[in-house]
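Here are my notes on this one, in numbered points. Have the coordinates open while you read.

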Amino acid sequence: MEIFIQQTINALSLGGIYALLALGLAVVFSIVRLINFAHGEVMTVTGYGMWFVLLLNLPVLVAIAVGIVSAVVIAVAMERVAFRQMRGADVTTLLITSFAVSQIIQVLFQNGISARPVAVVLPDWLTASVMLGPVRVGMASILSILVVGAALIALRGILTRTVTGIAMRAASEDFAVVQLMGISANRVIATAFAVSGALAGVAAVLWVATRGSVDPLMGATPVLKAFIATVIGGLGSLGGAVVGGFVLGAVEVYLQAFLPEAALPYRDAISLSIIVAILVLKPDGLLPERTSRRS
Amino acid sequence: MLEVASLKVRYGAIEAVRGLDLDVASGEIHVILGANGAGKSSTLAGISGLVPSQGQVTFKGEDISALPPERIARMGIGLIPEGRRIFASLTVAENLLLGGAEHATPTERRKRADEMRERFPILQERSGQKAGLLSGGEQQMLAIARALMARPQLLLMDEPSLGLAPQMVEAVFDFIVELKAEGLTILLVEQNVPMSLDIADHALVLAQGHASYRGTAADVAASDAARGAYLGH
């Protein structure tokens, strides 16, 4: 039972990170139909931002703040430099553009810093574990769950209480009509990228906290997982992205914990088979986007 | 108020509007008639910047041909698109708010939204509901109210009576007359020929992207040529 509780906390914390990343992909996809595979590089930028600040011996909170701010800046910059020129292009063109952006940033870090991981040493209290009743859990896991919860509430607030947030929801339904209201397309899209960058930045801080290092390819795996999560939830659906993230996190963590040792090497194969089974049963995902989109 | 000179709208190989001239005078109702595919909606889409177009569009003396749709909207041209296109997953109140988002301060926006709810009591009743749950007629009311939140000077209306029950059609036409009385200039695209000629000052008949007939609404109503063009002959 204790192991189960422990693993559930781990599942929530990993699933939460996937959920934040998946949400970032979904926010952008729902508006500009771009699956941004350079989303992982937003995480990488956060990681190196933190690494740099910690090199200067500044406090960890400054490192976290700089990390998240750099994520927002790089996400908005990607849109401004690369994706804005491609606006209205078909999904494939946008996808390939995002691969190009991703590659460029990876190579810049490989050549500019190092292809090998650099250590991001976080204070002990972040990596310590605490007793929660009879259960020993990592501080990072607990923080991660709290932070993800706060981020989800904040995003909900933005999307339902601010004009730009409401316009973002409207734009995912019918972008042309949002422009007919006099609302700037550039502003709505830039805000979507900023939000997606902030979510990736928060996810990256949590990701780096559990790994203790950053490397140029750091974002590749999590963004792939996040993409899987958005597909499980229903591509373009924000609620679906969150659900998909937690489902994927739970599947991975429970398999890791409860699979017999001989089957462990096949963990990812088994977890992806479960995902495929979900998609066979629900081809549009668990919470599909319910809009009749106009072209 | 609005001058359109040799407007062309093209979708790939198809030329939907082929050099249209149009003058809409301040304070009038100007109706564009024509069969399906004659280029009526494309004309409105071209004027409002929703689709790329060639030719010159001048609004209150300013050339707006090359402006993006949001800039044109901010200059005082509202478009109620064909099929209403309300934001179905947003609440009625949120739809109204977006209508005025760029045109008024938050306080002013609330004031205008209250006016709209007073004018269309159904929007008051359904304020917190998802707009997609409204009936067709109610959605049309919302689409009109959403456009009016911006206090436009020129309102482009694309087939506002389409798909509505006869009673609702009458309500919509009455409302258009009311808007004119309040000083709004209206460019109306309609399939309902008799009712729109009844309320319009000027009319233009489109056939295959050209103006095939134009004149005062009374002229057009009396003309056989216009009737023929409308029927697609």
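1. Does B:Arg151 count as buried or partly exposed, going by its C-beta neighbours inside 10 Å? It has 15 of them, so B:Arg151 counts as partly exposed. The cut-offs: 20 or more other C-beta atoms within 10 Å of a residue's own make it buried, 12 or fewer exposed, anything in between partly exposed, with C-beta atoms placed from the backbone.

2. A word on ground rules. This is a predicted model, where local features need pLDDT of at least 70, side-chain atom pairs count only at pLDDT 80 or more, and totals for chains, interfaces and linings use all residues. Residues are numbered from 1 along each chain as its sequence is written, while chains are lettered from A and ligands numbered from 1 in the order in which they are written.

3. Back to B:Arg151, which sits in the loop between α6 (136-148) and β7 of chain B. Helices (H or I, at least four residues) and strands (E, at least two) are DSSP runs, numbered from the N terminus. B:Arg151 is not a glycine, yet has a positive phi of about 50°. Most residues other than glycine have a negative phi. B:Glu159 also has a positive phi, near 50°, and lies in the loop between β7 and α7 of chain B. B:Glu159 is buried, because 21 other C-beta atoms lie within 10 Å. I'd look at both on screen.

4. Now the sheet in chain B. Six strands form an open sheet in the order β6-β7-β8-β3-β9-β10, with mixed pairing; two strands pair if DSSP finds at least two bridges between them. At the edges are β6 (77-80) and β10 (210-216), each pairing on one side only. On average, neighbouring strands are turned by 15° against each other, direction ignored. Helix α7 (residues 166-181) packs on this sheet, touching β3 (29-34), β7 and β8 (185-189) of chain B, and its direction makes about 155° with that of β8(B). Touching here is contact: C-beta atoms, placed from the backbone, within 7 Å.

5. β6(B) pairs with β7 (residues 154-158) in the parallel sense over four bridges, and B:Gly78 has B:Leu155 as its bridge partner. Strands β9 (residues 202-207) and β10 of chain B run antiparallel, joined by six bridges; there, B:Ala203 stands opposite B:Gly215. Two residues lie between the strands of this hairpin, and B:Gln208 takes a positive phi near 50°.

6. Chain A has twelve helices and four strands. A compact globule of 295 residues would have a radius of gyration near 19 Å, and chain A agrees with its 19 Å (taken over C-alpha atoms; the rule is 2.2 Å times the number of residues to the power 0.38). Of its 295 residues, 49% count as buried.

7. One helix pair in chain A: α2 (residues 39-55) and α3 (residues 60-83) pack at about 145°, axes 8 Å apart. Axes are lines fitted to C-alpha atoms, for helices over the stretch in contact, and angles run from 0 to 180 degrees between N-to-C directions. Among the residues that meet are A:Val42 and A:Met50 from α2(A), and A:Ile64 and A:Ile74 from α3(A).

8. Finally, the interface: 21 residues come from chain B and 18 from chain A. On the chain B side, α2 (69-74) and α3 (92-100) are the elements that give two or more residues.

Note on methods: Contact = placed C-beta atoms within 7 Å.
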